[in-house]
Amino acid sequence: MHRTDAITTEHAAILPIYLVCDLSSSMREDRRVEALRDALTGLRDAVWANPVVSDCARIGVIGFAGRAWLCLPLCDIATVGDLPVLEPDGLTSYAAAFRLLHRTVRSDVEQLAADQYRVLRPLVFFVSDGEPTDRTAEWVAELAILRTAAVRPEIITFAIGEASAATLRQVATARCFVASVGTAVRDAIAEIGAVVIRSVVASSTSGQAAVAGPPPDGFDELDLL
Amino acid sequence: MTQPLAIDGAGLRAGAELGRGGQGRVVEVLGGAGRPAGEPLVAKWYLPSVDLDAAALTRLVAWRRSLADADRSTVDDIAAWPRAVLLRHGRAAGVLLPRVPPRFSIPVRLPSGSAGQVLSELQFLIAGPDLLTRRGIPDLDRPVRLRVLARFAAAVAVLHNHGVVLGDLSVKNVLWSVAGGEPAVYLLDCDALRLTGTNPAVRQPNSPGWDDPAFPGTQNQQSDRYKVALTVLRVLARDFHTRDPERARAALGREFLPLLRAGLSGRPDVRPAASAWREPLSTLSEEGM
């Protein structure tokens, strides 16, 4: 960018953002799924109120339990009339989550590039309230594929409920937040929603994935290895 | 009684949190000892990680107080200029700012169904018709956009004449209004402005996409001129990313397109002053009526 003559063209850049949410059966407790749904509703309002986000970012939602599924394909969430129903299921397969995330990121990035967008490094918010129920070797292998892919997303993790801080520290590439003892899981989910909103708006305004600021209320931050 | 430049934040009665960002959080001030009376205020508290230059912040506060009444009133109309430094345990930790006047908010109905207010940020002026239509937000016609831009250029010119450097400009820190007849513009994040020849109180990196290629690492009045031209271009082209002056050809015409080209030039010395935009933009807005 260090040129002396005027820069005249700049292709539109798109920041793909994914929320990867644990929808294991424990999310049925304590109105956790409702809190998640409220967080999504709040995110849609915030994007609506910031047209620059609609212009610069796309948001997708992946849910996982014993399997993983695409709750909301990458889109301008401001225009989504009916937000997806988040239905919890049994088990907690991180392997399934990482596998679907890897495939989804790859195909979304290909599609955006084919549509002539410059694609920024994807940003992932990974939220879990439990330990993986699949074998460690299996999810570690899927994580390795995700983290060595041609397009490696920047991953921010949130450990709530029974999730292990040590596990989610391994998953994170950017930052890892752990709900403090005594923080109700549904309150923690609401806080995560607020962080996601701030990050999405800041990233869209600044044109680069940004999770600025201190840990959300009720969370501690772990240093990454 | 002379108002102190710095006041103890502990004496303030805090209301609701109005916002939170990478630098800190902003809360409503309901009352409290030592605050300047007569206007609604907010307190911005910086995160401990923010490298705050207390002397520079005090300088900004003192500078506004040193203005003649008429000049101060002009500055207050166009900028959320710091009113006082806020102390926590005796150290500068925040700043008292005027609350954004109500005319710079748009009432909206959010997708969740709740009614709300959003600040009328520059992003709503740049957003294309499709982005606005989807949100049920009325679009402005070109003459009105040109008048808002004229006000913006005039506001920057006022600050430049006073030796102020804006520095960072983003789609969220310029507000505009066409409520009640004459368009108006209001600049936020003024705690990050600086007086020429001095350092800013808070380092504000360039918002990428709004950087001046001629000054990648610094900000000065010449980079402000570039950003004024970029704002004119993007508001007229309705494009968050473009740097191509040709995109504003239809709006500016043959007569004024060269001004935009010069404003976006990689050679800072040929860029027109912010004040040079005012007449052309006003003239064009009248022609279009």
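Trainee: At a relative accessibility of 31%, what does Glu221(A) count as?

Mentor: Glu221(A) counts as partly exposed at its 31%, a class that lies between buried (under 20% relative accessible area) and exposed (over 50%), with a 1.4 Å probe and protein chains only. Please keep in mind that this is a predicted model, in which local features need pLDDT of at least 70 and side-chain atom pairs pLDDT 80 or more, while totals for chains, interfaces and linings use all residues. Residues are numbered from 1 along each chain, chains are lettered from A and ligands numbered from 1 as written, and side-chain values use heavy atoms without hydrogens or water.

Trainee: Which residue does Glu221(A) meet in a salt bridge?

Mentor: A salt bridge is a Lys or Arg side-chain nitrogen within 4 Å of an Asp or Glu carboxyl oxygen. Here the partner of Glu221(A) is Arg175(A), with 2.7 Å from N to O. Arg175(A) belongs to strand S7 (residues 175–179) of chain A and Glu221(A) to strand S8 (residues 219–222), so the pair ties together parts that lie 46 residues apart in sequence.

Trainee: How many residues does each chain give to the contact between chain A and chain B?

Mentor: Contact means heavy atoms within 4.5 Å, and here chain A gives 35 residues while chain B gives 38 residues. The salt-bridge rule finds two such pairs across this interface, and one of them joins Asp76(A) to Arg134(B), whose closest N and O atoms are 2.7 Å apart. On the side of chain A that touches chain B, the elements that give two or more residues are helix H1 (32–48), helix H2 (51–56) and helix H6 (185–206).

Trainee: Where does Asp76(A) lie in chain A, and is it buried or exposed?

Mentor: Asp76(A) sits in the loop between strand S3 (68–75) and helix H3 (94–114) of chain A, and its relative accessible area of 9% makes it buried. If neighbours within four places in sequence are left aside, Asp76(A) is in contact with Val47(A), Ser54(A) and Arg58(A), as well as with Arg134(B) from the other chain.

Trainee: Which parts of chain B does the salt bridge between Arg151(B) and Glu182(B) tie together?

Mentor: The closest N and O atoms of Arg151(B) and Glu182(B) are 3.6 Å apart. Arg151(B) lies in helix H5 (residues 142–161) and Glu182(B) in the loop between strand S10 (174–177) and strand S11 (184–187), so this pair ties together parts that are 31 residues apart in sequence. Arg151(B) is partly exposed at 35%, and Glu182(B) is likewise partly exposed, with 48%. Elsewhere, salt bridges that share partners join Asp217(A), Glu17(B), Arg20(B) and Arg25(B) into one network.

Trainee: Where do Asp69(B) and Arg72(B) lie?

Mentor: Both belong to helix H2 (residues 69–78) of chain B, three residues apart, which is about one turn of the helix. Over all chains, the search finds 31 salt bridges.

Technical notes. Helices (H or I, at least four residues) and strands (E, at least two) are DSSP runs, numbered from the N terminus.
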